[in-house]
Amino acid sequence: MEVCARESCVLLERNLTPVGILAASPGPQAEAKRYTRVFGRDAAICALGMAGSGVPALERGAVASLDALAALQAPNGQIPKFVDEGASEADFWYLGCIDATLWWLLAVHHLRCASRDAALAQRWRPNVERALQWLQAQEHQRFFLLQQNEASDWADVMPRSGFVLYTNALWYRVKQLFGLAGVEETRYHFNHLFHPFNRDLPECRRARLLGHYVRRSARNRDLYLSFVNLSTFGDEGDVLGNLLAILFGLASESMSQRIAHVLQQRVGALPVRAVLDPVERGSALWRDYMNRHRQNLEHQYHNGGIWPFIGSFWVMSLAALGKTQQARAALIDLARANSLDGWRFTEWFHGTTLEPMGMAGQSWNAATFLLARQAAHTGGWGHV
């Protein structure tokens with residue numbers, strides 16, 4: 001584990017540029033697929049592990065990453081999906097990229113708490129205000145949950161839309177950290193909408209109707225649904241969304257334990273899959289774009305591939321639940337996954353064959369390993 005921590009720092013330093021942390025190590029393949037950019041979500045997640053690392057270059061790189069994203073923030077407040085290498089042009093994805101703004105805000109708060117630089121308390125202040133305003137404009141006024149387009153968060157080749165589990169777990173935490181109104185209302189509707197199997201029904205008639213559509217055909221799997229929209233929902237078992245619900249305190253103690261139990265039954269030699277049950281071709285949720293480049297087929301990429309960075313959140317969740325031995329065992333498996341092929345830090349692995357797939361030198365694998373290592377030894381997850 002100590003070797004993996006050292007290799008993680010080496011990789012992060014190698015992927016640093018004057019304008020922040022790149023998504024993956026530079027090279028012909030990474031450049032062709034545009035991984036040599038400062039991505040909003042990737043860089044913000046990396047900043048969580050880089051800040052407070054004790055490595056000056058990484059701590060400076062965390063600040064530089066948030067600076068580069070803030071500099072090209074849209075006039076309406078949205079943080080870019082990515083900025084190019086020269087930090088002169090921003091991209092905001094096809095249908096909008098909602099989670100980059102959420103992760104950027106979490107990273108801002110984390111850096112302010114982890115750094116000894118008092119100036120960070122005021123840094124990005126106008127950017128934070130605009131980012132919060134942009135998000136609040138997308139909050140449903142009765143459910144207090146964010147609404148989003150299809151395929152507009154990290155899993156941008158998955159058909160999630162409307163109210164999305166992963167996004168709203170992040171929104172709840174942002175509301176907590178920045179003192180926004182309606183925090184408890186968000187938690188209430190989060191639990192009723194994404195797990196509508198309890199006997200008590202929400203007061204809002206429209207919320208009850210959304211739950212009715214789910215209960216007609218879904219079963220209680222002791223997991224939150226990945227998304228809920230009018231008459232449609234995702235029952236594929238979004239692992240990252242469920243883990244964030246545990247980490248951010250959205251799930252009750254009993255619900256957290258049930259989620260962990262379900263996931264423990266499905267974790268193999270390499271932790272963990274993006275979804276437990278991939279969306280199959282021909283199903284109601286299948287979209288033609290999932291077949292583009294044959295990338296998002298069953299057990300691949302977002303549709304059931306094994307992502308080491310999600311494995312880090314699995315370690316952190318186990319530690320948060322007091323499952324110290326399991327957390328440390330999962331951390332060892334995670335270190336092994338990163339070490340394969342000469343410390344390749346593989347982006348993802350095939351969900352059944354375990355074949356290394358995607359880009360090498362993935363920055364967030366390294367940064368989240370540092371977070372997971374800290375959590376496995378302390379039982380906490382810093383200021384996030």
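In this predicted model, the largest nonpolar core holds 135 residues, and those that touch the most other members are Trp103, Trp104, Trp124, Trp154 and Ile310. The element that gives the most to this core is helix H14, which spans residues 363–378 and supplies 9 residues. In soluble globular proteins, nonpolar side chains tend to be buried together.

When residues up to four places away in sequence are not counted, Trp124 touches Val63, Leu66, Asp67, Ala70, Trp104, Val108, Leu111 and Arg112. Arg123 lies in the loop that runs between helix H5 (99–114) and helix H6 (125–136). Is Arg123 buried, partly exposed or exposed? Its relative accessible area is 33%, and Arg123 is therefore partly exposed.

Helix H3, made of residues 40–50, is mostly covered, with 11 of its 11 residues buried. Among them are Arg41 and Asp42, together with Ala43, Ala44, Ile45 and Leu48. Just after H3 comes Gly52, which takes a positive phi of about 75°.

| Helix pair | Axes come within | Crossing angle | Handedness |
|---|---|---|---|
| H7 (165–177) and H10 (239–247) | 8 Å | roughly 25° | left-handed |
| H1 (2–14) and H14 | 9 Å | roughly 140° | left-handed |

Because angles under 35 degrees count as roughly parallel, the angle of roughly 25° makes H7 and H10 roughly parallel to each other. In this pair, Leu165, Tyr166, Ala169 and Leu170 of H7 meet Leu240, Gly241, Asn242, Leu244 and Ala245 of H10. The residues of this contact divide into 7 nonpolar and 2 polar, with no charged residue.

For the other pair, the axes of H1 and H14 cross at roughly 140°, and H1 is therefore oblique to H14. On the H1 side the contact is made by Glu2, Cys4, Ala5, Ser8, Cys9, Leu11 and Leu12, while H14 brings Ser363, Ala366, Ala367, Phe369, Leu370 and Arg373. By class, the contact of H1 with H14 has 9 nonpolar, 2 polar and 2 charged residues.

Notes. Residues numbered from 1 in each chain as written. Predicted model: local features only at pLDDT ≥ 70, side-chain atom pairs only at ≥ 80, totals over all residues. Heavy atoms only, no water. Axes fitted to C-alpha atoms, helices over the stretch in contact; angles between N-to-C directions. Helix = DSSP H or I, 4+ residues; strand = E, 2+ residues; numbered from the N terminus. Parallel < 35°, antiparallel > 145°, perpendicular 65-115°, else oblique. Left-handed = near helix turned anticlockwise from the far one by under 90°. Contact = heavy atoms within 4.5 Å. Nonpolar A, V, L, I, M, F, W, Y, C, P; charged D, E, K, R; others polar. Buried < 20%, exposed > 50% of the residue type's maximum accessible area, 1.4 Å probe, protein only. Core = buried A, V, L, I, M, F, W, Y, C linked by side-chain atoms within 4.5 Å.
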